[in-house]
Amino acid sequence: MPVDSIGQPEVLICLSPIWTEKHETARRLAQRIKIVLDVARSKGFRDGENRVTAIKDAAILPKVRAKPQHHGAMRWQDLPAFYALLKDRRAMAARALLFTCLTAARTNEVLRMRWEEIDVAGRLWTCPAERMKAGEAHRVPLTPQMLAILDEQWAPGAEVVFEGQQRHRPMSNMSMLMLLRRMGIEGVTIHGFRSAFRDWAAEAAGAPREVAEMCLAHRVGTAVERAYARSDLLEKRRDLMASWTKYVCEVE
C-alpha cells in the first residue's frame, strides 16, 4: 500500500484488535506508525495530519487503565534463613545485598554509596539528594550489624563502598539481581526487599505508618503537612531498624 494511501481506517485495523488485550504492544506500534507517517510527510510522500495523532486527539480508541506492577518480594518470614545463606558468600555483590536487606535502601542508593557519606561515630549514613528518588537527602541509622558489613569493606584510598571490577567505580545495577539468580532464587527483585521490610514493620513490629514510610525514604502526608512536620523521626527510625536487624540476623 502506498504510504500516502494510509488513512485512519488502516491505522485502526492495526491497532484495534490488540488495543485492550496487549495495550503496551499496541501503544508501541502506534508510536512506530506515527514515526513512519511523520518521516513520509517530511519527505513529501504524503500531506495532512498524522492519522495516529488524529485518532489520539479524537479519543477513538478506549482508555486502558495501566495494571499496577508490583516488585517480586521475598516473604519477610523467609528473610532470616535467606540472610544466613547469603552471609556465607564472599562476593562483593553478596556484601552489598546484605547491607541492602538490613537498610531497606534502593539499589542505586547502596551501590553508589561513598565513604564520605558514612558517619561511623554518629552511626549514620547520609545519602545525598541527587541519588534519592524524592530529591532530598536521606539519613539512614546504622546498626552494629550494618557497621560490621561496612568495616569489612574498608580499604585505604577507597571512594566507593561496594566497588565493581574497576577501582573507584560501583558495581553494575544488575549485580545483586544476578546473584539472586545464581542462588536459584526466582521471582524476587532487589526492590522487593523493601516490601519485605514494610510488611514486617506493619504485621510484626506494629510500627507507626509514618515511621515505617520514612525508613523507606517515602514522603509522608501532603505538602502542607510536610511543611509543618519537618522532623525525619531519626531516633524512632533507629529503634525500628535495630529491631529489623535483630530479626533478620536472628539476634536475641
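This is a predicted model: local features need pLDDT of at least 70, side-chain atom pairs count only at pLDDT 80 or more; totals for chains, interfaces and linings use all residues.
User: Which residues is Ala94 in contact with, leaving aside its neighbours within four places in sequence?

Analyst: A contact means heavy atoms within 4.5 Å. On that reading, Ala94 is in contact with Leu86, Arg89 and Leu179.

User: How is the packing of helix 5 and helix 8 described?

Analyst: Packing is given by axes, which are lines fitted to C-alpha atoms over the stretch in contact, and by angles from 0 to 180 degrees between N-to-C directions. Helix 5 (residues 92–103) and helix 8 (residues 175–182) have axes 9 Å apart and an angle of about 100°. Angles under 35 degrees count as roughly parallel, over 145 as roughly antiparallel, 65 to 115 as roughly perpendicular and the rest as oblique. Helix 5 and helix 8 are therefore roughly perpendicular. On the side of helix 5, the contact is made by Ala93, Ala94, Ala96, Leu97 and Thr100, and on the side of helix 8 by Ser175, Met176, Leu179 and Leu180.

User: What is the make-up of this contact by class?

Analyst: Ala, Val, Leu, Ile, Met, Phe, Trp, Tyr, Cys and Pro count as nonpolar, Asp, Glu, Lys and Arg as charged, and the others, Gly among them, as polar. The contact of helix 5 with helix 8 has 7 nonpolar and 2 polar residues, and no charged ones.

User: Which residues of helix 8 are buried, and what covers them?

Analyst: An α-helix has 3.6 residues a turn, so residues three or four places apart point the same way. In helix 8 the buried residues are Ser175, Met176, Leu177, Leu179 and Leu180. Their cover includes helix 4 (79–87), helix 5, helix 6 and helix 9 (192–203). Just after helix 8, Gly184 has a positive phi of about 80°.

User: Which residues other than glycine have a positive phi?

Analyst: Two cases can be described in turn. Ala104 is not a glycine, yet its phi is positive at about 55°. Ala104 is in the loop between helix 5 and helix 6 (107–111), and its 2% relative accessibility makes it buried. Arg123 also has a positive phi, near 50°. Arg123 lies in the loop between strand 1 (118–119) and strand 2 (124–127) and is partly exposed at 38% relative accessibility.

User: What does the side chain of Asn50 reach?

Analyst: A polar contact is a pair of N or O atoms within 3.5 Å; within protein, one must be able to donate a hydrogen and the other to accept it, and residues adjacent in sequence count only if both atoms are side-chain atoms. The side chain of Asn50 reaches the backbone oxygen of Lys34 at 3.0 Å, and one of its polar atoms lies 2.9 Å from the backbone nitrogen of Val52. Asn50 is in the loop between helix 2 (23–42) and helix 3 (51–57) and is buried at 8% relative accessibility. Asp47 lies in the loop between helix 2 and helix 3 as well, but it is exposed, with a relative accessible area of 64%.

User: How far apart are the C-alpha centres of domain 1 and domain 2?

Analyst: Domain bounds come from an automatic or database domain assignment, which here gives domain 1 (3–58) and domain 2 (76–249). Their C-alpha centres lie 45 Å apart.

User: What does Val188 touch, not counting residues up to four places away in sequence?

Analyst: Val188 touches Gly72, Ala73, Met74, Leu177, Leu180, Arg181 and Phe193. Val188 lies in the loop between helix 8 and helix 9 and is buried, with a relative accessible area of 7%.

How values were computed
Residues are numbered from 1 along each chain as its sequence is written. Side-chain values use heavy atoms; hydrogens and water are left out. Helices (H or I, at least four residues) and strands (E, at least two) are DSSP runs, numbered from the N terminus. Buried means under 20% relative accessible area, exposed over 50%, partly exposed in between (1.4 Å probe, protein chains only).
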